[in-house]
Amino acid sequence: GGGLIVTCAPEAVPAPLVLQLREGGRLCIPVGPAGAVQELLLLVKRSDGTLERKSALPVRFVPMTGRVATPP
């Protein structure tokens with residue numbers, strides 16, 4: 001399990017965040033263009049490595065800026 005909560009919105013789900021999830025791990029993240037309505041997503045990593053995707057609601061978050069660091 002475990003999970004990540006992201007409080008800024010990238011235009012797409014960053015791969016490094018998905019790689020940090022274990023099987024059953026959850027990622028709650030707003031996704032969409034800056035200055036527009038975004039979608040709050042709940043992603044759950046399945047045993048085969050794919051993501052189950054659920055849309056929670058429309059939101060507006062500040063944009064994600066800079067690069068996402070790869071975990072050590």
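This is a predicted model: local features need pLDDT of at least 70, side-chain atom pairs count only at pLDDT 80 or more; totals for chains, interfaces and linings use all residues.
Trainee: What makes a stretch of the chain a helix or a strand?

Mentor: Both are DSSP runs numbered from the N terminus: a helix is H or I over at least four residues, a strand is E over at least two. The chain has one helix and four strands, in the sequence pattern β-α-β-β-β.

Trainee: How do you know that S1 and S2 are paired?

Mentor: Two strands pair if DSSP finds at least two bridges between them. Strand S1 (residues 3-5) and strand S2 (residues 26-31) are joined by three bridges and run parallel, so they meet the rule. Leucine 4 has leucine 27 in S2 as its bridge partner. Between S1 and S2 the chain passes through helix H1 (residues 15-20), in a right-handed β-α-β crossover.

Trainee: Why is a crossover called right-handed?

Mentor: Because, with the strands pointing away from the viewer, the path from the first strand over the helix to the second runs clockwise.

Trainee: How many bridges pair S2 and S3, and in which sense?

Mentor: Six bridges, in the antiparallel sense. Cysteine 28 stands opposite leucine 42 in S3. The hairpin of S2 and S3 has six residues between the strands, and there glycine 32 takes a positive phi near 150 degrees.

Trainee: Why is glutamine 38 called buried?

Mentor: Buried means under 20% relative accessible area, exposed over 50%, and partly exposed in between, with a 1.4 Å probe and protein chains only. Glutamine 38 has 3% relative accessibility, so it counts as buried. This residue lies in strand S3 (residues 38-45). Its contacts (heavy atoms within 4.5 Å) beyond four places in sequence include Val31, Pro58 and Phe61.

Trainee: What is the relative accessible area of glycine 25, and where is this residue?

Mentor: Glycine 25 has 0% and is therefore buried; its place is the loop between H1 and S2. Leaving aside neighbours within four places, glycine 25 is in contact with Gly1, Gly2, Leu43, Val44 and Lys45. Over the chain of 72 residues, 29% count as buried.

Trainee: What makes a set of residues a nonpolar core?

Mentor: Its members are buried Ala, Val, Leu, Ile, Met, Phe, Trp, Tyr and Cys residues, joined through side-chain atoms within 4.5 Å. The largest such core has nine residues: Val6, Cys8, Leu17, Leu21, Leu27, Ile29, Val31, Leu41 and Leu43. S2 and S3 are the elements that give two or more residues to this core, and S2 has the largest share, with three. Leucine 41 touches, among others, Leu27, Ile29 and Val31. In soluble globular proteins, nonpolar side chains tend to be buried together.

Trainee: How do you know that the radius of gyration agrees with a compact globule?

Mentor: The radius is taken over C-alpha atoms, and the globule rule is 2.2 Å times the number of residues to the power 0.38. For 72 residues a compact globule would have a value near 11 Å; the chain has 12 Å, so the two agree. The C-alpha atoms fill a box of roughly 35 × 30 × 15 Å along the principal axes.

Terms used:
Residues are numbered from 1 along each chain as its sequence is written. Side-chain values use heavy atoms; hydrogens and water are left out.
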